Structure formats: C-alpha cells, structure tokens
Amino acid sequence: MTTLTAPAVETRRPGTGPSAARLTGVELRKLADTRAGRWLLITIGLVAAGIVTVQVFVLKDAEQTFTAFFTPSLFPVGLLLPVLGILSVTGEWSQRTALTTFALVPRRHRVVAAKLAAVVLAALASVLVSLAVAAVGTLAARATGGAGTWTFDWHLLPYAAVFQVANVLMGVGFGLLLLNTPLAIVTYLLLPTVWSILSAMIEALHGPARWLDTSITMQPLLGADVTAGQWGRLAVSLLVWLVLPLVAGLVRTLRREVS
Amino acid sequence: MIEVEHLTKRYGAHTAVEDVSFRCEPGTVTGFLGPNGAGKSTTMRMICGMTAPTSGGARVAGRPYRDLPNPGREIGVLLDASAQHAGRTGREALAVAALTMGVDRRQVAAKLDLVGLNQTAARRRVGAYSLGMRQRLGLALALLGDPRVLILDEPANGLDPEGIFWMRGLLRDFADRGGTVLLSSHLLREVEAVADRLVVIGGGRVVAQAARDELLAGAGTLVRARDQQALRLTLDRAGLAGTAGTDGGFLVRAEPEAVGQAAAEAGLVLTELRPAGSGGLEQLFLTLTAGVSTREAVR
C-alpha cells in the first residue's frame with residue numbers, strides 16, 4: 001500500500017461540472033457494464049438474429065426481401081430495449097447506486113437528461129443493428145436460393161427510429177415514475193395486453209383504445225405509410241403513456257430522498 | 001471545511017434530527033458519534049444533498065452541496081459501502097466515477113492499490129465482495145477525485161482490526177495534509193483513536209461537542225477501594241456523585257485529588273485512583289445517549 005499521492009491541501013479552482021456529453025457517455029457505459037445489462041443486450045441481439053434466421057426458413061423464396069427481414073427484427077428490440085431503459089433508472093434505486101451517482105452529480109435532472117439521451121442513442125443504434133441483421137438475412141436468402149432482393153422502402157427507416165425511441169422512452173418514463181424494477185417492467189410489458197383484454201371485453205373501450213393503446217397506435221409505423229390521422233392518434237397515445245410518466249417521474253426523482 | 005447550521009429533519013411527527021450545528025475545520029478529523037438511529041446518517045445525507053432538510057442548512061467548501069459543479073473533486077463521500085451495483089466489477093465502479101468527474105483513468109488503479117484491493121479483487125463483481133472489501137472500494141471511490149474533504153458514514157463497519165488500523169492512518173495522514181474529515185461511528189473506541197474533535201449525537205440532538213482531549217479530561221475519576229461499601233458511603237457523604245462500574249470500581253465526576261482527599265479522611269485503602277480517560281468518555285457517551293438506542297427510531 002502506498003501513501004496518499006496528491007496533497008489534500010492543494011489549492012485549485014472549483015472547476016467546471018461534467019458536460020452533458022460526458023454524462024451521456026457515462027450513462028451509455030452504465031447500460032452495458034453490469035451483468036444484467038450485458039446479458040440483456042446480448043439477448044436482444046440473439047433474438048433479432050434468431051428471428052431473421054427463422055424468416056430465412058419459413059418465408060417463401062419470393063418473399064425473402066430486405067424489408068421482410070428488417071421489420072420483424074424491430075419487435076424483440078422494441079420489447080426488450082425499454083427493459084434496459086427501465087433498469088438504467090430503477091437500478092440506481094434498487095442497487096442504491098443513486099447514492100454515488102447523485103454524490104457526483106447532485107443536480108439530478110442532469111443525470112435524468114443524460115439517461116434519456118443515452119437510451120435514445122441506444123434505440124437509434126438498435127435500428128442500425130436491425131439494418132445489419134436484415135442485410136445478413138438478405139445475403140443468406142440469396143445464398144440459399146431465396147429472392148434476396150434489396151428492395152427497401154426508405155420511409156421505414158425514420159418510422160423504425162420513432163418506434164424504437166418511443167418504446168424506450170416509455171420504458172424510462174415508467175421506470176422514473178415507479179422507481180421499482182419489477183413493478184416498472186411488469187407494468188410496461190402488461191399494459192398493451194391489459195388494453196387488448198379490456199377493449200375486447202368492453203365495447204365502450206374500442207374507441208378510446210384507438211387513441212390510447214400504443215400497440216394499436218404504433219402499428220402504422222411498421223407499415224409503408226403513416227397518415228396524418230395516424231400520427232395524431234400516435235401523438236395522443238404517447239402524450240399519455242410517454243410524456244406524462246416522464247414528467248411525473250422526473251418530479252418524483254428530483255424530490256425523492258436518497259438513502 | 002464543513003459547516004452545519006441548525007439542521008432539522010422531521011418525518012411527520014417523528015423528528016429524526018433536531019437543530020444540529022457543528023463545524024469541521026481543515027486539518028482536523030471530526031468524529032460523529034451516536035448510537036444507531038441517533039440521526040447520524042440522516043445528518044450526513046442532508047450535508048450531501050441526498051435528503052432535503054426540513055429547516056437549516058449545510059455548506060461544504062463554502063457552498064451548499066447541490067451547488068458544487070463537480071463535487072467529486074472537492075468532497076469524497078462514502079455514505080453506504082453496500083450501495084454499489086452488485087453486477088458491476090470494483091474496477092468498473094471506479095472507472096464510471098472517474099469518467100463522471102473527469103479524473104485520469106490511471107487514478108483508478110492507483111486508488112485501488114491505495115486501499116489494498118488487488119487486481120483479482122478489482123476484476124470481481126461487487127456482489128461477491130465482503131463488507132470489508134466494499135468499505136475499501138467505497139473509500140477508494142471517495143478518494144478518487146483527490147478531494148479536500150471526506151465525509152464517511154461508518155467507514156470502519158466490516159473492516160478487520162488491521163483494516164481499521166490502516167484506515168486510521170490514512171485519515172490521520174489526510175487531515176495532517178490539511179484535509180477535513182467527518183466520520184461517523186456508533187463505537188466510541190473506533191473514533192477516539194483518530195478524531196481531534198467529537199460531536200456526540202443522541203435522539204437527533206447534539207448532546208456534546210468539544211475537542212477530544214477536552215472531553216477526555218472532563219470524563220471524571222476512576223476509583224477503587226478494598227472496601228467497596230465503605231467507599232460508596234464515603235463518596236456519598238462527601239457529595240461526590242459516583243456511578244458504579246461493572247468491575248467494582250466507581251466513576252466519579254470530580255478531580256482525582258478531591259476523591260483521594262475524601263478517601264484519606266475516611267481512612268480508606270484505595271487500590272486504584274486515576275483520571276478515567278476514555279473509559280470515562282465511554283461512560284459519558286452511554287449516559288448522554290441513554291435510552292436513545294433502546295427506543296431506536298423506526299421509520
């Protein structure tokens with residue numbers, strides 16, 4: 001063991017705080033540097049690759065196009081990446097790392113903003129992964145005698161980005177609001193199912209579901225075109241399930257006592 | 001420099017901390033003493049901006065904690081060694097903090113070495129660490145930004161005797177270089193060896209604060225006689241209030257001379273007569289905080 005290297009008395013200027021970019025980098029790193037995070041990312045990759053592999057076998061030769069591989073690969077990511085977003089928020093409380101995080105960055109809103117930026121970047125990166133996986137699938141289709149055509153509707157790219165970003169932000173919103181890992185994950189995953197069960201049972205919910213059930217309002221994003229009406233319904237559903245939880249969750253996180 | 005002014009924290013009807021004020025000067029180690037549930041951790045969390053006080057405030061390095069732009073470079077904080085992500089390696093936990101503070105990456109290895117966590121330990125997940133290893137990791141984390149102030153909550157918990165001895169040396173060295181240290185403990189013996197000042201808290205209030213030597217000096221006299229019963233009567237007659245120790249001696253709130261005089265006049269044979277020192281401080285600590293730990297705050 002050595003002695004303390006730096007003199008504690010050294011006079012120095014107060015210094016500036018970490019930049020938003022630095023904090024985002026830190027949060028990106030924290031997404032992948034725990035065992036749970038790493039395995040979740042690996043699982044997402046494996047499931048996406050697995051789905052494409054299945055497509056190579058089950059789709060008719062003529063249907064094996066780039067688009068046919070790209071779209072289905074979005075689903076597992078859209079389902080699991082938000083869980084990573086939830087963990088990034090709730091892990092701070094369940095693992096109690098908030099004590100360290102907020103000791104280093106006491107302005108908590110900066111940490112939350114960095115977390116949001118990090119998961120948005122992760123969601124955008126996931127679209128690139130979907131593209132890559134679809135490309136590999138297309139090449140595999142060609143090699144195995146499928147069509148393997150590179151037809152791709154470029155509209156799908158921004159739609160896919162909106163789909164993933166909205167999903168992951170919704171996850172973080174639930175995480176911020178509930179601040180409890182199992183509760184947030186279960187709520188997030190069950191919500192669409194609860195909607196479909198309820199609207200199947202209750203006639204009166206058919207109408208509102210078209211505006212509020214995100215599994216319905218997000219559906220057009222996976223098709224070729226989104227109409228103005230569909231954008232409107234998507235916006236309304238996201239206001240309720242994304243913006244409100246995010247805002248309420250931010251307030252709760254800023255106020256909560258860390259212990 | 002840490003300045004705590006009239007800090008109060010209430011949870012509904014329960015008052016966890018009431019009007020706590022003290023200062024920690026550069027170059028000193030302040031021991032923050034009190035039984036479990038006395039309000040030590042709540043006070044420290046309020047100093048570090050984790051808990052909003054009901055009233056009062058605290059400043060570290062001249063500013064409220066939340067106003068410090070990069071607090072890790074000025075203040076090293078260890079509020080709970082268990083508060084680490086179980087799935088992260090020790091090295092990674094430090095690397096993330098170094099990245100946040102903008103500290104040179106090489107400091108990670110240097111600080112791990114300083115607290116005695118070797119390569120193998122650094123590569124293991126924190127979930128597999130013993131409490132003592134977590135304390136060392138927490139200390140490495142607190143020292144990572146080369147701060148001038150250290151705020152440590154029960155840092156000796158889980159450390160073995162060698163570890164406690166090592167930590168005392170480290171904190172003493174830190175203070176001797178002009179650093180400010182505030183460390184809490186529920187064990188008097190743990191802090192009296194290293195602290196210059198003691199702040200004793202019980203039931204959320206400061207019950208005593210002074211330089212350690214001053215508190216030790218005022219700790220009274222320990223006296224023992226061949227005839228216990230006669231000694232008790234003599235002390236009572238002389239108006240010297242004494243409390244019986246567990247080993248047959250008496251602790252008297254008076255100077256040894258006064259006690260000796262009383263014994264001599266009664267013709268008693270004393271087998272021991274000395275300033276009580278730390279034993280007395282312990283007795284004082286117990287009386288000052290009596291009853292508090294038995295009805296420990298539950299919230």
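1. Confidence in chain A. The mean pLDDT of chain A is 88, and 94% of the residues score at least 70.

2. Over residues 5-13 of chain A, pLDDT stays under 50. For these residues the model has 10 contacts beyond four places in sequence. Where pLDDT is low, the predicted coordinates should not be read in detail.

3. The contact between the chains. Chain A contributes 38 residues to the contact and chain B contributes 42 residues. On the side of chain A that touches chain B, the elements giving two or more residues are helix H1 (20-32), helix H2 (35-58) and helix H4 (98-104) of chain A. That side comprises 17 nonpolar, 13 polar and eight charged residues.

4. The sheet in chain B. Three strands form an open sheet in the order S2-S1-S4 (chain B), and the pairing is antiparallel. Strand S2 (14-24) and strand S4 (55-60) of chain B are the edge strands, each pairing on one side only. From one strand to the next the twist averages 20°.

5. Pairing within the sheet. Seven bridges join strand S1 (residues 2-11) of chain B to S2(B) in the antiparallel sense. B:Leu7 has B:Val20 as its bridge partner in S2(B).

6. The helix across the sheet. Helix H1 (residues 40-47) of chain B lies across S1, S2 and S4 of chain B. This helix of chain B runs at about 120° to S1(B).

Definitions and conventions. Residues are numbered from 1 along each chain as its sequence is written. Chains are lettered from A and ligands numbered from 1 in the order in which they are written. This is a predicted model: local features need pLDDT of at least 70, side-chain atom pairs count only at pLDDT 80 or more; totals for chains, interfaces and linings use all residues. Two residues are in contact if their C-beta atoms, placed from the backbone, lie within 7 Å. Helices (H or I, at least four residues) and strands (E, at least two) are DSSP runs, numbered from the N terminus. Ala, Val, Leu, Ile, Met, Phe, Trp, Tyr, Cys and Pro count as nonpolar, Asp, Glu, Lys and Arg as charged, and the others, Gly among them, as polar. pLDDT is the predictor's confidence in each residue, from 0 to 100. Two strands pair if DSSP finds at least two bridges between them. Axes are lines fitted to C-alpha atoms, for helices over the stretch in contact, and angles run from 0 to 180 degrees between N-to-C directions.
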